[in-house]
Number of protein chains: 2
Amino acid sequence: MFEPWLIAPIASIISILAGLYFYYFVEKKDSGTKRMKEISEAIREGSKAFLKREYTILAIFVIIVGTLMGIVLPEPIWSTANPMENISMSLAYFFGAMFSALAGYVGMDIATKANAKAAYAAKGGLNKAFPIGFRGGAVMGLAVVGFSLLGISIVYFITGNARIVLGFSFGASALALFAKAGGGIFTKTADISADLVGKVELGIPEDDPRNPAVIADNVGDNVGDVAGMGADLADSYIASIVAVMLLATAISGTVGTGIDLIQIPLVFAGIGIFASILGAFALRIGETGNPGKALNLGTYITCILFGIFTLIATYYLQIPWQLWGAGIVGLSAGIIIGTTSDYFTSEGKKPVLKTAEASKSGAATNIITGFSYGLQSVFPPLLGIGIAAAVAYFLCNPLGEGYAVFGVGMAAIGMLSIVGLIISNDAYGPIVDNSRGIAEQAGLGEEVIRITDELDAAGNTAKAITKGFAIGAAGLTVIALLATFQAEVRQALERLIDSGAIQLPIGETIEGLLSLSLLDPQVLLGAFIGIAMPAVFSAMVMLGVGRNAERMIREVRRQFKEIPGLKEGKEGVKPDYARCVDIATTGALRELLPASTLTIGVTLAVGFVGGYQALGGYLAGSIFSGLLLALLMSNAGGLWDNAKKYIETGVYGGKGSDAHKAAVVGDTVGDPFKDTAGPSLNTMITVMSLVASLFAALIVQFNLFGILGI
Amino acid sequence: MFEPWLIAPIASIISILAGLYFYYFVEKKDSGTKRMKEISEAIREGSKAFLKREYTILAIFVIIVGTLMGIVLPEPIWSTANPMENISMSLAYFFGAMFSALAGYVGMDIATKANAKAAYAAKGGLNKAFPIGFRGGAVMGLAVVGFSLLGISIVYFITGNARIVLGFSFGASALALFAKAGGGIFTKTADISADLVGKVELGIPEDDPRNPAVIADNVGDNVGDVAGMGADLADSYIASIVAVMLLATAISGTVGTGIDLIQIPLVFAGIGIFASILGAFALRIGETGNPGKALNLGTYITCILFGIFTLIATYYLQIPWQLWGAGIVGLSAGIIIGTTSDYFTSEGKKPVLKTAEASKSGAATNIITGFSYGLQSVFPPLLGIGIAAAVAYFLCNPLGEGYAVFGVGMAAIGMLSIVGLIISNDAYGPIVDNSRGIAEQAGLGEEVIRITDELDAAGNTAKAITKGFAIGAAGLTVIALLATFQAEVRQALERLIDSGAIQLPIGETIEGLLSLSLLDPQVLLGAFIGIAMPAVFSAMVMLGVGRNAERMIREVRRQFKEIPGLKEGKEGVKPDYARCVDIATTGALRELLPASTLTIGVTLAVGFVGGYQALGGYLAGSIFSGLLLALLMSNAGGLWDNAKKYIETGVYGGKGSDAHKAAVVGDTVGDPFKDTAGPSLNTMITVMSLVASLFAALIVQFNLFGILGI
């Protein structure tokens with residue numbers, strides 16, 4: 001009999017094939033003039049150099065962590081009856097890291113090709129250029145979900161053990177954390193250095209080929225926005241599926257026509273991929289000629305298809321409708337959160353207008369106003385995540401014990417189901433941003449630059465909704481992961497009680513032990529540490545950008561000083577682009593290792609000292625403050641950016657005015673907020689949650705507070 | 001027989017008498033030249049005008065809220081058997097608000113006298129001026145704790161009901177919220193307007209008498225820093241005592257020689273007042289001539305005296321030593337938190353040095369660096385609060401059920417015990433800051449300005465430790481209040497179960513119902529709303545400052561334009577100071593009402609919709625994010641301020657350099673962070689917690705989720 005869950009690997013393979021189709025669609029387009037090919041090639045080489053350097057260093061880290069994991073997980077190898085499980089755990093972890101790296105590589109590869117091709121096609125108009133940009137992004141989107149779900153399917157098929165799939169997820173997330181934070185540091189390093197020496201000190205235009213940092217800047221868009229963002233969403237995507245699979249094992253039963261609960265997330269994810277593929281193929285600029293609308297329309301179509309297909313599957317497989325409902329609640333919440341986030345960062349709306357107006361009184365009022373609206377912007381999405389989780393919970397609660405949190409997980413699955421298309425839309429942005437840069441550098445003329453500008457603006461429109469998705473999805477995923485952690489602790493406790501290793505105190509129930517009560521001092525202690533962690537992490541990566549930019553600025557200045565004829569733009573004189581890329585790469589990796597290691601290290605320390613109660617509080621605390629800071633930083637950053645752009649349209653004196661200078665300060669502050677620290681936080685809290693679930697059983701057995709009898 | 005708790009009212013009365021002694025000590029000093037008296041009188045009048053206007057508006061608010069409270073609390077008047085309790089509740093609330101207002105008034109009154117007297121005494125050297133500044137502050141410190149503890153004692157003596165004392169506490173806190181936020185908006189409005197028009201636009205020096213906003217600026221120091229800060233600490237002080245009294249009723253028993261548990265916080269608080277009085281009298285500049293050291297030495301002496309006296313009391317009353325230990329844990333945590341906060345804002349340390357260095361690359365890097373260190377600075381205090389709470393809990397847990405959270409409350413009591421001296425130190429700051437302004441405006445010469453500068457610098461040194469106390473104390477107090485809320489919910493549930501109004505679900509225990517589990521969807525929903533609230537509140541008051549400053553800037557510009565001879569400093573031409581004070585006052589009140597009403601309104605809405613579970617989560621969420629944001633904003637603000645001051649010593653080009661301009665931007669951003677939003681958050685979360693405890697019983701009975709059967 002055909003097992004319904006096989007829809008997951010089938011959809012994955014089709015997704016990879018569809019990605020390949022788009023790849024060749026883009027590949028066979030013309031890359032343009034010799035100069036364009038040169039520039040594109042330089043960006044490509046820089047990006048590959050970055051990835052190669054990054055992956056080499058990470059390989060060492062992954063091998064160390066994977067080996068250690070295999071030694072102690074799922075049970076310490078010296079006391080387990082089943083050492084094969086330890087080997088599987090290690091392998092799943094390596095596999096997850098590899099798949100994540102591969103997806104990032106493929107996306108980068110095509111993105112760095114599509115940029116020049118889209119720029120060249122822009123000579124033939126918007127309708128020619130847009131599909132190249134979008135389909136270039138779709139390669140990444142479809143590859144990421146295809147590889148991710150295929151990986152999950154393979155690990156699940158071979159081991160049949162959701163806990164081993166958790167190892168896979170951790171591998172993918174650990175790599176995502178490095179990719180996101182490393183890429184984020186790199187991209188801002190290059191951006192700041194290129195702007196500061198080029199625009200500010202020497203007064204040469206953006207993307208000017210004389211600037212030694214210009215290629216690094218373009219590379220940054222790719223490694224930060226394409227590879228990093230893809231890894232980030234992939235990481236939530238995998239984690240949400242695994243979380244729900246693990247929650248299913250806590251219920252352990254079949255529903256409907258006999259489908260195992262554990263397979264429902266796989267079925268829904270598979271359907272989501274189909275919907276995303278159809279949405280990607282259906283996406284056309286059409287008559288309106290508005291690429292922004294086209295991208296959003298593609299998203300809505302995908303959502304509707306997902307709703308219909310899953311409804312049909314729910315009906316035929318006789319899955320309880322509440323589980324479907326929870327998925328739809330999640331998906332709707334994603335759209336609502338996206339739309340409200342949009343308000344706080346859009347050009348025509350009050351926050352941006354007021355921030356632009358405040359720029360008239362100087363940089364300080366620009367910062368205070370933008371920051372204040374950033375603070376306000378956290379309210380709608382947090383409320384949305386809270387309501388979505390509560391509705392899903394209460395919807396599924398009547399189905400029986402354990403179904404309530406399973407429902408919360410299904411909401412996350414629903415929200416993330418269409419992530420294939422979301423990533424496609426998001427990767428479109430940096431591709432066409434690069435196209436604009438190439439058009440400028442290769443001198444393709446004003447009309448082409450205008451078209452690429454329009455393509456670029458559409459990327460920003462789409463980003464508002466996709467960003468809402470990303471944060472909402474991360475929120476629901478980490479709540480599901482918190483539930484997973486609790487379920488893992490429960491199983492460990494039950495095992496220990498059954499084996500007589502520990503005794504339930506008189507008058508105490510397992511529920512009581514597990515409740516993670518807000519007034520339990522261990523939970524509270526953990527929570528206080530947890531809320532500080534995202535703040536400390538953000539600070540480390542942002543200070544890292546500053547240190548790294550200093551190193552690179554020195555190099556850019558040196559080149560302008562020491563290479564004769566460079567400043568004057570003498571024919572044939574070229575800066576040493578590669579050296580800049582190299583400095584930014586090495587520096588980014590040097591800065592991100594401490595922050596990432598701290599994330600994992602403190603999580604384990606809290607668990608092995610304070611026990612599962614402290615770790616539970618720690619997770620909750622870091623989720624709370626992580627979401628708060630991520631929303632604040634992303635939205636304030638976007639808002640400052642658009643306030644500056646609004647002034648550049650000519651209001652308050654336009655470009656070069658005092659108001660503009662003030663707005664530039666805000667924009668510069670916002671850059672590391674929205675491109676480095678903010679987006680890394682999602683991944684950071686996911687990694688923490690996965691580490692906690694993986695080590696839950698060990699921590700229940702061995703922890704300092706437990707040994708001291710506290 | 002002498003009841004030990006009577007030490008509380010006795011200490012209060014002695015404290016008020018000691019305050020009076022200091023009052024006359026300061027009062028009989030010379031106020032200096034005619035010009036000085038004029039300026040001092042103008043500040044005094046402005047401050048009184050502000051307070052009068054503020055109190056008039058708040059009186060209406062207080063009467064409305066107090067009446068509504070009396071109608072529904074402790075039980076709705078239409079269903080209570082004991083309507084006298086409702087009247088008592090109303091009266092206690094009015095009483096609390098009145099005492100808080102009175103303490104603010106007294107502090108302001110003496111502060112606005114001491115400023116000129118200290119400035120004049122500075123002619124005779126540091127040793128003459130310092131005692132006036134300090135004892136002026138001590139009037140406020142001793143008055144605040146005296147009135148607060150006397151009020152508590154009276155309400156407790158008359159009603160014998162800790163719940164009515166809670167009404168008193170709410171009255172004091174509600175007023176404190178207005179005083180703090182209103183004063184914070186006022187002070188920054190005046191500061192920004194004075195600087196922007198005076199220093200930036202016209203290039204006239206700070207505190208120049210030609211500037212129409214200069215008196216408002218000096219008034220701001222008094223209403224924001226003296227009255228507002230006093231109200232803030234008083235509010236934590238009262239709330240911590242009441243919280244512990246309520247936690248005691250949940251245990252209900254006597255210990256040791258028969259002292260009622262409920263009276264222990266009163267005994268400790270009374271002893272704390274004695275220690276503070278002795279510390280205040282012992283405080284001398286001495287041989288070293290270093291006022292900063294003198295202030296800190298006074299704090300240490302007070303701590304040691306408190307430790308010894310309470311140890312003796314614990315021994316003679318045979319109170320379990322663990323309760324004393326918890327108090328000492330809290331006190332020590334306060335000092336440790338203060339010392340670590342100091343690191344992040346002190347001139348010689350890395351964060352300030354790095355931020356100053358970053359100013360070389362412009363305003364944006366100054367902001368990013370300072371903000372990043374601000375983010376890092378949250379870690380030590382949060383860890384400190386978490387550890388203090390956990391240690392106190394585990395220390396007292398063996399004493400029996402309910403003692404663990406009682407111990408956490410005792411830690412808060414311990415930390416706040418010496419608040420009389422802390423407020424004295426803190427109020428010293430704005431007094432000598434004003435002295436400096438008066439010395440400048442009255443032309444007392446360079447030597448006097450140098451001495452007042454030195455006095456001012458000492459205020460900042462002391463502030464580092466006192467600020468740590470304020471935040472740590474607020475943290476422990478709100479944890480205790482969360483426990484109080486839980487205890488109130490428990491009593492309400494037990495009452496309802498006993499009366500048969502509700503039934504315990506099968507297999508459920510009261511503990512289970514009360515656990516406020518992090519994975520309960522109602523708790524989680526509440527928590528997500530709770531974490532957003534401090535962010536929204538901060539944004540509202542900061543945007544309020546911006547709007548208010550706009551209004552005032554217009555007025556200052558108008559005066560310079562329309563009053564002939566003002567700009568040129570023509571003899572006999574004076575600006576209209578009063579009008580500026582008036583505009584800032586009206587505007588501040590207009591801006592703070594929505595924010596404060598929202599705080600109370602959303603708290604009630606969450607409770608009456610989502611039930612006590614949602615409200616518990618909401619409180620925890622707002623505590624987490626409130627402490628995070630308060631620490632971030634206070635420390636980042638202090639850090640930017642000192643980075644600017646460091647550059648002004650001559651490094652990186654000193655005053656007027658590009659680095660200095662960049663640092664001024666950071667300082668200006670930091671102003672509303674550290675003086676408006678940051679410090680209001682403590683009070684905000686205390687008010688929320690008090691509202692929750694007050695309405696706990698009603699909410700358990702009536703809430704929408706309950707009615708809908710969720």
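**Entry 1: two helices in chain A**

At roughly what angle do the axes of helix α7 and helix α14 of chain A cross? I looked this up in what is a predicted model. The axes of α7 (residues 264–282) and α14 (residues 419–441) of chain A cross at roughly 40 degrees, and they come within 7 Å. I wanted a word for that angle. Angles under 35 degrees would count as roughly parallel, so α7(A) and α14(A) go down as oblique to each other.

Next I checked who meets whom. From α7(A) I noted A:Ile273, A:Ser276, A:Gly279 and A:Ala280; on the α14(A) side they meet A:Gly420, A:Leu421 and A:Ser424. I sorted this contact by class and got three nonpolar residues, four polar and no charged.

**Entry 2: α13 in chain A**

I went on to helix α13 of chain A, residues 403–416. It has 14 residues and reaches 20 Å from its first C-alpha to its last, close to the 20 Å expected at 1.5 Å a residue. Is α13(A) buried or exposed? I found 14 of its 14 residues buried, so the rest of the structure largely encloses α13(A).

**Entry 3: α1 in chain B**

Over to chain B, where helix α1 covers residues 7–27. I got 29 Å from first C-alpha to last for its 21 residues, close to the expected 30 Å.

**Entry 4: where the chains touch**

How many residues of chain A are in contact with chain B? I have 64 residues of chain A in contact with 64 of chain B. Several helices of chain A each supply at least two residues to that side, among them α11 (363–376), α15 (446–498) and α18 (577–648). The largest share, 16 residues, comes from α17(A). By class, I noted 46 nonpolar residues, 17 polar and one charged on the side of chain A that touches chain B.

**Entry 5: how the copies relate**

Last, I laid chain A on chain B. A turn of 180 degrees and a shift of 0.0 Å along the axis does it, with an RMSD of 0.1 Å. That is the relation of a two-fold axis. The same surface serves both copies, with 100% of the contact residues of chain A recurring in chain B. Which residue of chain A comes closest to the rotation axis? I found A:Ser517, with its C-alpha at 2.2 Å.

Notes
Residues numbered from 1 in each chain as written. Chains lettered and ligands numbered in written order. Predicted model: local features only at pLDDT ≥ 70, side-chain atom pairs only at ≥ 80, totals over all residues. Contact = placed C-beta atoms within 7 Å. Helix = DSSP H or I, 4+ residues; strand = E, 2+ residues; numbered from the N terminus. Nonpolar A, V, L, I, M, F, W, Y, C, P; charged D, E, K, R; others polar. Expected span 1.5 Å × (residues − 1). Buried ≥ 20, exposed ≤ 12 C-beta atoms within 10 Å, placed from the backbone. Least-squares fit on C-alpha atoms with pLDDT ≥ 70 in both. Axes fitted to C-alpha atoms, helices over the stretch in contact; angles between N-to-C directions. Parallel < 35°, antiparallel > 145°, perpendicular 65-115°, else oblique.
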